[in-house]
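Open the model in your viewer and keep the selection tool at hand. The tour moves from stop to stop, with a note on what to select at each.

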Amino acid sequence: MGSSAKKKKEKKKDFQKVKLKVGKTKPKAANSTDTSFKAKAIALKQQSLSTNAPTVEAQCAHQISLLNHKSDAQRRDSLAYLTTVISTHPPGSPLPQPASVIIPAIQRLVLDGSNSVRQQMLKLVQSLPKTDIASHTDSLLLHTRAGLTHLSTDIRTFALDMLEWLLSVAGDEVVSCAGGWAKTLKCFLSLLGWQTQVGDKWSAIRTYGRGASDAKVQAKQMNTLTTFLRAGLIQPTEIVAVGAGTSNFPLWQTEHHVLSERSSAFAHLNLYGATRDEEAEMYEDREDRQRVFHELAEGAIAAGIEQSTKGGGELGRAGAHLCKAMKEGMADFHRVDED
Amino acid sequence: MKRKLGALEKVDADLTSLQYKVRRDPPSYFEDHQQQYMQYQALRDLLLQNPSTSDDTGIVRLNDLIDFVAHTADCYPKATAQFSDDLIQILSLHHDELQADLRDKMVSSLVLLRNKDLIDSATLLNTLFPILVSTHSKTLRALLFQKIISDLRSSNIRSTNHRLNRTIQTVLFNLLTSDRDSTKGLWAVKITRELWKRQIWTDARAVDIIKEACLSENEKVITGGVRFFLGGDKEREEAADESSDDDIDMKTLRHQAGINKKTKKKARELKQAAATVKRKERKKNAPHPLNFSALHLLHDPQGFAETLFSRHVQNSKSKLSLESKLIVLQLVSRLVGLHKLTVISLYSYLLKFLTPRQNSVTSFLAILAQATHTLVPPDVLEPLIQKIANEFVSEASAQEVAAAGLNAIREICARQPLAMSDTLLQDLVMYRKSKDKGVQMAARGLLSLYREVGAELLKKRDRGKDATIALISGGTKEQRFGEEAAGEIQGIDLLEQWKTEERRKRREAAGLPADAATDEEDEEDEAENWKNWDVESDDSDDSGGWINVGSDSEDINISDSEDEKENGPAAKKAKLAKSETPRPGENGSKAHSEEPIQKQISKLLTSTILTPADLKQLRALQESAAVKSQMPSSKRAALLAARHADDAITAETIEAAAAIGKKSTKEEKLAMAKSDKEGKHQSTTAKRKEKKEAEGKSTTNKEKARKKNFLMTLGKAKGKNKRSLVDIKKTMRGHIERSKRGGKRGNRG
């Protein structure tokens, strides 16, 4: 009928092919969008034309800026570059970029998704001079703790390596910085699943997201915990000799009045930060740490050790080490308690 | 040998699946949740070291963790007790430095915690509100505003949460009073206005907040507050209308449910739709909530109007622009007109603006008209009217100007007729002979007004028939300043007449003398009336408009007043009955004034309380006496009555007269002609067809046959030609038989 013919024609009109003609501009499609724009200024992109090569300092700064590049390979390469530069530079001369610039830039990479980047990052921090690490312990420890509780098993294991290294370099600072003792202890307890209140369950609790190599990882965790406890609880063997030299004869107790050599010597006063609770507090004395350990973790760890030594094997060995460290550390605490 | 991995263990860093599992079985996933919570704490500590860092580097973002913890917080309320405090603290300390998406996530997580009832509304609002006021980010402000409004709405949805409302209102009030110079008060106005519009806040405290805003020092806040008073109620009405618009067609939904695939979701949807329809129906039948307008809820309007005027308008130090000053003036005049206030200095202030060259002078004229009421002294208004007449209404001035001037004078005099002198009036009335239509109409309006309210001021030949008769017979008495017409109910005389008639009939039936009705009998009647409170006469049907009130207490009250009748509580009753006080000169009784009896206040009115049945009878009597309502004067009165006392006079009212004479261009005429017809031209059949199609109805067989493709009909048509004569005869016979029977499925068997 008439109407249908008309409709057909209308329908056809939508899909009609536009004829192309030689010498004419190509007709625009119905749905074409005009993307041209006007700009007030034109920016010319040009490479720098300087003839002399960039200095090592500049190159290092550039590589540091590349550390949050989106590609894994680029991040790893930048780290590798920095590592070689730092490890090859002659001792005594200043680093091409100060550690206070490098460490804040690389510390986030503890949580990086790629394993190679993380490993390279560990190499880089290991190449840094030990004295520089000490002043950045608290922020490094924050990142490490974030790694310890991470959902990904790889990152969790890596964070153990990181903590191990950190303890070897600056053990005293790690255990005495704000939140360093109590929070890390809690962290370990939850990692190992040694909470005090879960004893009343029938079935053993299998935590979600733990891989097959559970025993191996747990052994590693226990070993790290041993190191951590040793750093926190056991008396440092060499006692700094109280300066009783006769050379500074009229000044008797100078060393008590000079500024402390530690970084941020007045951090315990907490002048500017938020108020701290029990967990976030700094525990600078060994006695304090013993007390907190006794309150927080001793029972849970003892129970955990008992369970793991029963199992024997690698876990048992790690448990024995841990037990020994704990006994050594808490040996004089009980005596204090009895008095 | 490598152990096979379970599906659970493969998924490693997946918070979504963990969240799902936690919600399914909280106790067994406590450990995992705890670990994630620690992770959140570690990342939070990192963030607090430098709040402005972005957190999108690692594979697990703080953003996701916050989301996870917020969604699972209700499973472990003890373990995550600190979470809400954390969020509140971070937000209130660092909201300006945080990354936008992290910040928004924190806000929405807080709201989520509120919805899960882990924190209460007051805490949430007390957190969000200071941020709303102080933040520099526009998007955050929009988000917070929306969240605040929706939270207040949801906590008021079941019943009004008075405590919460009061705390928030106090916060808003303090915000306004604490710093009068800053624009921060605008948020108080915005929130109040929004809640007023949604009818969540309808009380005097909300109005108090806006009142405080009007008295602030900041122009934006002032105009915001004033605009609320001028337009807030209209907005509320419109919003209420809109919300009831979208109705659901249950019939089609049921039909569709019968046809389409049956799923649980569709069944649920149908159920919900039925519930909404039911709710709406109930709402429609429920008694209308009595919402007072903001202007009526004002406490001390006189003081408010005076301070507004002296602080923002008269004060030479106030730096308001003309536009804002105008709307403040509009509010002042609305208040003066509505509450009959006395702000004498307002009129002398307006005097200097009444020249045709003044910017937006029609607004000033409208303000003046609005500020006029019966209690304004005429000698205050006289110079103003004189000035308008001198400046606007002259042969030399433009026609629009003259029309606007005349119209303004009419509007003023309609409210205070005493402000006019006879010479001026006679002068102005002469303009009805003007050539311009606008001026003509305006002058005629003035004339017809004074025929009703003060005919003696007009020349004899201008008075008209009705007014002259009334003057001669003395039916109209002069209205004097400050005089209030005694209260009455329209048609009460009719009711009285009817009642005496009824009584006489009854007495005749009882065989008593028809005329003398004793007092005792009267009272007896009354008692009877009260007994059958609802409807006195059996034949009148119940309209159902009355809601049954628990009438115990009321009954007692009424019987009290009956007892005290002799002590003369008449004044009180008169007040009760005065609710419909007619304006002076508005009673349409003038037409009836052939009988020169000064109308006494009806005895019925002063001695009894009308029962609903009485009122119904009254209405019926009024309707039967509708002859009177056909008179032009009463029509005009009805028109005036239709214009609500709350409605404002605007500049358009003043300008309307001038527009009458104006010649419109062709485009305007075309647009006007087109405006009343919607859409394209269509024949009635086409319209019917379209309607049918829209309703989804099927077509008739005839229509189908007509629409059938031509080629399909060809074969049959060809076949018809080749038939033998016998065949043709058969079909013809068949046709005749069918038509006799009444179609194929004939009704005769």
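Which residues of chain A form one aromatic cluster? Select A:Trp181, A:Phe188, A:Phe228 and A:Phe293, and you have the cluster on screen.

Before going on, note that this is a predicted model, in which local features need pLDDT of at least 70 and side-chain atom pairs count only at pLDDT 80 or more, while totals for chains, interfaces and linings use all residues. Residues are numbered from 1 along each chain as its sequence is written, chains are lettered from A and ligands numbered from 1 in the order in which they are written, and side-chain values use heavy atoms, with hydrogens and water left out.

**Aromatic pairs in chain B**

A search of the whole structure gives 13 aromatic pairs over all chains. Rings of Phe, Tyr and Trp (its six-membered ring) pair if their centres lie within 6.5 Å; planes under 30 degrees apart count as stacked, over 60 as edge-to-face and the rest as tilted.

Select B:Tyr40 and B:Phe83. Their ring centres are 5.3 Å apart and the planes stand at 70 degrees, so the pair is edge-to-face. B:Tyr40 belongs to helix α3 (residues 30-49) of chain B and B:Phe83 to helix α5 (residues 81-94) of chain B, so the pair ties together parts that are 43 residues apart in sequence. Helices are DSSP runs (H or I, at least four residues), numbered from the N terminus. B:Tyr40 is buried at 1% relative accessibility, and B:Phe83 is buried at 1%. Buried means under 20% relative accessible area, exposed over 50%, and partly exposed in between (1.4 Å probe, protein chains only).

Next, select B:Lys190 and B:Phe145. The charged end of B:Lys190 sits over the ring of B:Phe145, 6.0 Å from its centre. For this, NZ of Lys or CZ of Arg must be within 6 Å of the ring centre and within 35 degrees of the ring normal.

**Helix α13 of chain A**

Select residues 298-311 of chain A, which make up helix α13. Which residues of α13(A) are buried? They are A:Glu298, A:Ala300, A:Ile301, A:Gly304, A:Ile305 and A:Ser308. Looking down the axis of α13(A), you find these buried residues within an arc of 155 degrees, so they line one face of the helix. The arc is that of the directions from the helix axis to the C-beta atoms. On the other side of α13(A), A:Gly299, A:Gln307 and A:Lys310 are exposed.

Note on methods. Helices (H or I, at least four residues) and strands (E, at least two) are DSSP runs, numbered from the N terminus. The expected span of a helix is 1.5 Å times one less than its number of residues.
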